[in-house]
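Please read them with the structure open.

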Amino acid sequence: MMSKNGSEKEFILTLFLLKYPEHLEDLIGQKLGFVEAEVPIGRRKVDIYAINVSRRLPIFIESQVSQSDQRHLEKVLEILDATSEGTIVWIASGFDEGHLQRVRTYMKSHKHKYIDFYALRLNEEAIKLTIELNKMYRLEVWDKLHCIKDSVYPPLEQHYTYLQVPPYHTGRMIVKAEYDFMRTEDVKQYMLEKLRGYVPYLTNVWKAKKHNSHDCQLSLGGGRNGINFKVSARNKYGLASIYLHFEQSQAELYHSFKSEIQELQVNIHPELMAKDRKIGLSFHPEAELDETISTLVNILEKMLKMMGPSTDEKNT
């Protein structure tokens, strides 16, 4: 969801790094694998979490489009407390020396922690472009991120490093577990990863999800608060399904769509239905999971094309 508050500028910066990780990888000398946004670490969420696959070490990235501040410092310190090895990257437009001193003091007093710390400065031009992207229709942002990449100024540059991971140390991260498609949570995570490839412009697919093994539906923000897609490859009735759910606060928008259901059926799917503040459909899944996901994506893309502009918060 692209909201009107400042935090969405930081999420756009996160999206840029997800799409063009080489701008970060070149500065820290590590490849980012298995990347997700807004991953819970301790009591908070880190902006980007990834794995250095070759060395099996976690990478934590915290970013802001402003000068380093106390709130982000506290998040960095919490990550330091929560991990014993890996890389922590703090991105900001500039850094208060007192903030960096706090990090330096912590690391010097915890030499047993194999952690590398990088402070990277965000270029002013990249900040301006991020602000402009934040004004756009949310489903167009992903395809316009290249404007930051194409700027004549590198978006990031080294500001400060403090390294204490031994050069040949290998961590304990499990790089990749096999999927067990008999497990509901594995099916949902697999589906989420496929959606990141099919519909990356629905930017909420990049955010990490907590999977409940008793809930077969993957929930994705649909735009405004109170609107969510619920997608399932096989629900409790043995059907695949995709529905856009409207909370009571969005009942007026739901009824507006319901009044246009015949047009939506023509443009999305003939079996589309509107009932109980839900718009969508169920169908018998394909024999192969990937085929079912492909069918769900086809319907999702049509729903986004027809309904997305009306569910976008900026159009209200």
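1. There are 13 salt bridges, a salt bridge being a side-chain nitrogen of Lys or Arg within 4 Å of a carboxyl oxygen of Asp or Glu. The model is a predicted one, in which local features need pLDDT of at least 70 and side-chain atom pairs count only at pLDDT 80 or more, while totals for chains, interfaces and linings use all residues. Residues are numbered from 1 along each chain as its sequence is written, and side-chain values use heavy atoms, with hydrogens and water left out.

2. Glu62 and Lys75 form a salt bridge, with 2.7 Å between the closest N and O atoms. This pair links distant parts of the chain: Glu62 belongs to strand β3 (residues 57-63) and Lys75 to helix α3 (residues 70-82), 13 residues apart. Helices (H or I, at least four residues) and strands (E, at least two) are DSSP runs, numbered from the N terminus. Both Glu62 and Lys75 are buried; buried means under 20% relative accessible area, exposed over 50%, and partly exposed in between (1.4 Å probe, protein chains only).

3. Arg172 and Glu85 also form a salt bridge, their closest N and O atoms being 4.0 Å apart. Arg172 is in the loop between β6 (156-163) and α8 (184-198), and Glu85 is in strand β4 (residues 85-92), so the pair links distant parts of the chain, 87 residues apart.

4. A salt bridge joins the side chains of Glu157 and Arg121 at 2.4 Å, N to O. Glu157 lies in strand β6 and Arg121 in strand β5 (residues 114-122), so this contact ties together parts that are 36 residues apart in sequence. Glu157 is partly exposed at 39% relative accessibility, and Arg121 is partly exposed with a relative accessible area of 27%.

5. The whole structure holds 10 aromatic pairs. Rings of Phe, Tyr and Trp (its six-membered ring) pair if their centres lie within 6.5 Å; planes under 30 degrees apart count as stacked, over 60 as edge-to-face and the rest as tilted. Trp142 and Trp206 form a stacked pair, 5.2 Å centre to centre with 15 degrees between the planes. Trp142 is in helix α6 (residues 141-144) and Trp206 in the loop between α8 and β7 (218-221), distant parts of the chain 64 residues apart. Trp142 is buried, with a relative accessible area of 7%, and Trp206 is buried at 12%.

6. How are the rings of Tyr179 and Tyr190 arranged? They form an edge-to-face pair, at 5.3 Å centre to centre and 75 degrees between the planes. Tyr179 is in the loop between β6 and α8, and Tyr190 is in helix α8, 11 residues apart. Tyr179 counts as partly exposed at 24% relative accessibility, while Tyr190 counts as buried at 14%. Ring pairs link Tyr179, Phe181 and Tyr190 into a cluster.

7. Two contacts place a charge over a ring (NZ of Lys or CZ of Arg within 6 Å of the ring centre and within 35 degrees of the ring normal). The charged end of Lys207 sits over the ring of Phe11, 4.6 Å from its centre. Lys278 lies over the face of Tyr243, 5.5 Å from the ring centre.
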